[in-house]
Amino acid sequence: MKKAKSLRLILCLILVAIELVPIGVVITNSFKRDIDIWARGPFYFKPTPKSYSAVLENSDFRLALKNSLIVATSSMAVSVFFGSMASFGLVRFRFRINTFLIFLILMLRMIPQITLALPFYILFRNLGLKDTVMGLAVAHTSFNLPYVIALLLPFFASIPKEYEEAARVDGCKPFSIYWRIFFPLAAPGIVVAAVFAFLMSWNEFLYALVLSGPRSKTAPIVVNAFLGQYAPLWGQLSAGATIMLIPVFAITLGFQKYIIKGLSSGGLKG
Amino acid sequence: MFVFPALIVIFAISIYPVIFSLYLSFTDRTLLYLRAPKFVGFSNYSNVVSDKLFWHSLKLQLSFMLFAIPLELFVGFLVALLFLKDFPLCRLLRSLLMLPVFILPVVSGLTWRLMLQPGYGLLGSFFNSISLGPKSWLADTKYAFVTVVLQDIWRMWPFMFMIIYAGLSSLPSEYLEAAQIDGAKFWQQIFHIIFPLLRSVMTMAVLLRMIDALRVFSEVYVMTYGGPANATLLLPLYIHKQAFEFGKVAYASAASVFLLAVSLALSFYLVRASFRGEVS
């Protein structure tokens, strides 16, 4: 029995080690200089923070990081605000149309981004939203809002009906029932929804590629641009990528308990 | 009353754009607004259907899904079995396996591109040193597609693992114990107990991955940009290229309506399955 255990341990250790190689590659390369990466081969490693200082001094990257933060935060805030209300309404008030609406919303979160990117491009240009941070936040809300609604449905559904009835007897209006009772009770779900919405927006590339410009570039775009046309700046690219990965890994490891729920609500974007 | 504001937002930023895209697909609108678009009926659709490149990228899209998803399912399933009984460090290792799933697709693609660089990439120089394969993997029409699929498998088998593991650990352990007492062999347990019990979980996971695979874009964009010689031009990249490189927005809309239809059909199936799960 003991033997079987250590065999499993060793197998899994090897497996995880192999699986994490690419992540190790980004992180180690972020501590190399661009020139060392292509001149000295993969195994030369003398850590230096030079690529980080180069990236952090790069005003393009700093702006992009700021844009990424603004876009992700505002899309998250809007999605959670409208989404939690809608989710509450869909679960707590039994109208016949609700089943249909839930069905529709669950399906809408599956629209491929490229399908929306084309009309967004033309509509945004007409509305003057192209190359604005706000435009990108709007585009990201198109996948975050249905996602937040879908994720919160079971959270609101699991709150016992007695709370609602007690509040109503005490003369609470529907909106304060939602805001004073259900919102706090569903807080764990709301935090999860917020965090995943942030993450999806943070990781997003296609809308940023199509809809942003010099003013509203987000960090993934700038990280990719480090490849350049002539000499690939792999060191700076890896440093930028590693910075982008910090919140991703913090969230992934911090919210493990909810990950399965988050994933099966369709929280994956290419 | 609570639902209404969200519905307005959803209508404005999802449903209306889809309708607008549908409208575009019947016009001759180009990326640059040169003149008022004319209504051209179904000619964009018939052009898409008669475009060899469209069929080529559809074929690539299907083979991408056909190779990546079953392999991810297979690996994820095996590893879930491996993790089924507790052993030291198992929780830590399990959480480390989640990292690739959430990594930025762009970063994943770029890292693979770095690793595959012929002279100085980790994999590239390794394969060179054992003199295997071409010098430049991503520039070779045969291997570029394989590496794109490999990248996806690397990133997404832990997704399958997590879903299957969650399903497995929620199974009542009596089933397996009873089978063991009855003397069922290991593979008999798998085929007669685990598979039937996990069928709905696995169906959901595969459907989710299929829908997700239909939107694969950024990884491939940064790895190969659909090249070399269109060898990795998956459908979303094909549409992107038609619209933003060649400016044929209306044409691209027609192709994207097709992609949308497939996605919605799959997600209809998925949502219906999950509705049934909630009922029973």
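Leaving aside neighbours within four places in sequence, A:Leu211 is in contact (heavy atoms within 4.5 Å) with A:Ala117, A:Phe120, A:Tyr121, A:Phe124, A:Lys130, A:Asp131, A:Leu136 and A:Ala139. The setting is a predicted model, in which local features need pLDDT of at least 70, side-chain atom pairs count only at pLDDT 80 or more, and totals for chains, interfaces and linings use all residues. Residues are numbered from 1 along each chain as its sequence is written, chains are lettered from A and ligands numbered from 1 in the order in which they are written, and side-chain values use heavy atoms, with hydrogens and water left out.

Buried means under 20% relative accessible area, exposed over 50%, and partly exposed in between (1.4 Å probe, protein chains only). Helices (H or I, at least four residues) and strands (E, at least two) are DSSP runs, numbered from the N terminus.

Turning to the interface, 93 residues of chain A are in contact with 91 residues of chain B. The two chains bury about 8,300 Å² between them, 83% of it on carbon and sulfur atoms; buried area is the accessible area (1.4 Å probe) that two parts lose on being put together, summed over both. Helix H7 (residues 113-127) of chain A supplies the largest share of the side of chain A that touches chain B, 12 residues. By class, that side has 71 nonpolar, 16 polar and 6 charged residues, where Ala, Val, Leu, Ile, Met, Phe, Trp, Tyr, Cys and Pro count as nonpolar, Asp, Glu, Lys and Arg as charged, and the others, Gly among them, as polar. The count of salt bridges between chain A and chain B is 0.

Over all chains, however, the structure holds 10 salt bridges, each a side-chain nitrogen of Lys or Arg within 4 Å of a carboxyl oxygen of Asp or Glu. One of them joins A:Arg33 and A:Asp36 (3.4 Å, N to O); A:Arg33 is partly exposed at 34% relative accessibility, while A:Asp36 is buried at 7%. A:Arg168 and A:Glu164 form another, with the closest N and O atoms 3.3 Å apart. These two residues are separated by about one helical turn, because they lie 4 residues apart in helix H9 (residues 161-169) of chain A.

In chain B, B:Arg209 forms a salt bridge with B:Glu72, the closest N and O atoms being 3.0 Å apart. This pair links distant parts of the chain, 137 residues apart: B:Arg209 is in helix H9 (residues 186-213) and B:Glu72 in helix H3 (residues 52-82). B:Arg209 is buried, with a relative accessible area of 1%, and B:Glu72 is buried at 0%. Salt bridges that share partners join B:Glu72, B:Asp152, B:Arg209, B:Asp212 and B:Arg215 into one network.
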